[in-house]
Amino acid sequence: MRSKSWLFIYFLLGLLVLAYLIRDILTPFILAGLLAYVLNPVVKLLERYLKIHRVVAILLIYLVVFGLVIYTVTWLGGKLLYEISQLQIEVKDINYLSQNAVARLPEWTIAGQSVGFQSAARAVLIGLNTAISHTQDSLLTIFTGALSRVLQVLVFLVATFYFLKDGQHLVRAIKSRFSSHHQEDVERLLGQINNALGGYLRGQIILVFIMSIATSIALVILGVPFALIIGVLTGFLELIPFIGPIAAGGLAATTGYVLGVNRFGLDPMTLAIVIVLIYFVLRQIEDYFVIPQLLGRLTRLHPMVVLFAVLAGGKLAGPIGFILGVPIAASARILLDYFWTKSSD
């Protein structure tokens with residue numbers, strides 16, 4: 001039994017190495033598995049309450065999702081394209097805007113030396129100007145490259161369908177490989193991992209939508225340019241604990257300060273402070289009311305472990321790693337607790 005256990009561990013390590021080497025090919029399958037995992041409870045509900053076959057339930061979900069996507073792309077896409085076109089116009093004048101914004105920052109002369117924020121702000125804005133210019137120059141390349149990913153999208157859709165259709169059979173097949181003596185332990189471990197993984201993923205998706213909508217509405221009310229773009233970025237930055245919300249708030253405040261445009265005639269500094277306060281209040285509401293209800297203490301990980309898992313996942317697997325880092329760390333904790341308990345018995 002001990003030799004079989006080590007063989008199984010070596011096999012898993014080999015699979016992990018192989019998965020890392022072919023991670024680009026695996027991307028649509030991983031995304032399909034995540035989406036299927038999130039949608040599986042919905043499929044079960046449709047099966048139970050509508051008394052329909054699982055395949056019909058999956059196809060019904062596809063129709064609803066496609067309808068929502070088409071509507072969202074039609075409505076939201078038009079607004080995003082408008083804001084991008086406006087951003088391109090603003091970028092042409094960014095040097096003028098940045099000079100005015102920097103000139104408003106405090107600066108003092110002490111012993112013949114300039115001390116303050118203006119020199120640092122100039123360096124930051126020069127870097128920002130360069131980054132935006134490069135991004136603007138590559139927009140056509142980005143959209144052209146997106147067309148080549150049609151095949152990946154099709155693979156993603158087909159894989160999601162089969163994950164939803166046959167995922168339960170796969171889980172049962174894995175369970176059947178274990179002896180009856182270990183069936184109870186396997187059931188308990190899978191249940192704990194399911195709670196941690198499912199709760200975290202579904203909670204993060206909901207948080208992205210909540211923060212995107214809340215910040216977009218707040219910035220639109222203030223009359224800040226590019227409110228929709230900033231709101232969407234804010235939502236996705238929520239996937240990165242600690243660093244993401246700070247970066248999102250800084251981006252929104254900097255945009256408000258540099259452009260200085262709003263509905264209430266606020267001066268740029270006041271507008272930036274108001275934006276920071278809005279983000280702070282939304283973050284407090286999220287931390288104390290939304291997150292406890294959505295995520296609770298499912299992961300049972302120290303905040304430093306969460307931060308490390310997110311950064312390590314992003315380094316190893318890019319955007320997918322940001323999403324999977326914490327669930328994988330939580331699953332590893334559950335398995336380590338189990339083996340530690342067994343070794344102590």
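A residue is termed buried when its relative accessible area is under 20%, exposed when that area is over 50%, and partly exposed in between (1.4 Å probe, protein chains only). By this criterion, 32% of the 345 residues of the protein chain count as buried.

The structure is a predicted model, in which local features need pLDDT of at least 70 and side-chain atom pairs count only at pLDDT 80 or more, whereas totals for chains, interfaces and linings use all residues. Residues are numbered from 1 along each chain as its sequence is written, and side-chain values use heavy atoms, with hydrogens and water left out.

**Overall architecture**

The protein chain has 13 helices and two strands. These elements are DSSP runs numbered from the N terminus: helices are H or I runs of at least four residues, and strands are E runs of at least two. Contact means heavy atoms within 4.5 Å. Among the contacts in the protein chain with a separation of 6 or more, 67% are accounted for by residues 24 or more positions apart.

Two packed helices are described by the angle between their axes and the distance between the axes. Here the axes are lines fitted to C-alpha atoms, for helices over the stretch in contact, and the angles run from 0 to 180 degrees between N-to-C directions. The two pairs described below are set out in the table.

| Helix pair | Axes come within | Crossing angle | Handedness |
|---|---|---|---|
| α8 (residues 183–222) and α9 (residues 227–237) | 7 Å | roughly 150° | right-handed |
| α9 and α10 (residues 243–259) | 8 Å | roughly 165° | right-handed |

Angles under 35 degrees count as roughly parallel, over 145 as roughly antiparallel, 65 to 115 as roughly perpendicular and the rest as oblique. Helix α8 is therefore roughly antiparallel to α9, and α9 and α10 are likewise roughly antiparallel to each other. A crossing is right-handed if the near helix is turned clockwise from the far one by less than a right angle, and left-handed if anticlockwise.

The contact of α9 with α10 involves Ile230, Leu233, Thr234 and Leu237 of α9, together with Gly244, Pro245, Ala247, Ala248, Leu251, Ala252 and Thr255 of α10. Eight of these residues are nonpolar, three are polar and none is charged.

**Nonpolar cores**

A nonpolar core is a set of buried Ala, Val, Leu, Ile, Met, Phe, Trp, Tyr and Cys residues joined through side-chain atoms within 4.5 Å. The largest such core has 14 residues, and those with the most contacts inside it are Leu301, Val326 and Ile334. Helices α8, α12 (303–317) and α13 (319–344) each supply at least two of its residues; α13 gives the most, with five. Not counting residues up to four places away in sequence, Leu301 touches Val306, Val326, Ala329, Ala330 and Arg333. A second, separate core of 13 residues includes Leu219, Tyr257, Ile275 and Tyr279.

Ile193 lies in helix α8 and counts as buried, at 18% relative accessibility. Neighbours within four places in sequence aside, Ile193 is in contact with Tyr37, Gly198, Ser331, Ile334 and Leu335.

Leu157, in helix α7 (residues 150–176), is partly exposed, with a relative accessible area of 24%. The C-alpha atoms of Leu157 and Tyr62 are separated by 9.2 Å, and these residues are 95 residues apart along the chain. With neighbours within four places in sequence left aside, Leu157 is in contact with Tyr62 and Phe66.

**Positive phi values in loops**

Lys51, a residue other than glycine, has a positive phi near 55°. Lys51 is placed in the loop between α2 (23–50) and α3 (54–92) and counts as exposed, at 70% relative accessibility. Phe226, which is not a glycine either, has a positive phi of about 60°. The loop between α8 and α9 holds Phe226, and this residue is buried, with a relative accessible area of 10%.

Methods:
Nonpolar A, V, L, I, M, F, W, Y, C, P; charged D, E, K, R; others polar.
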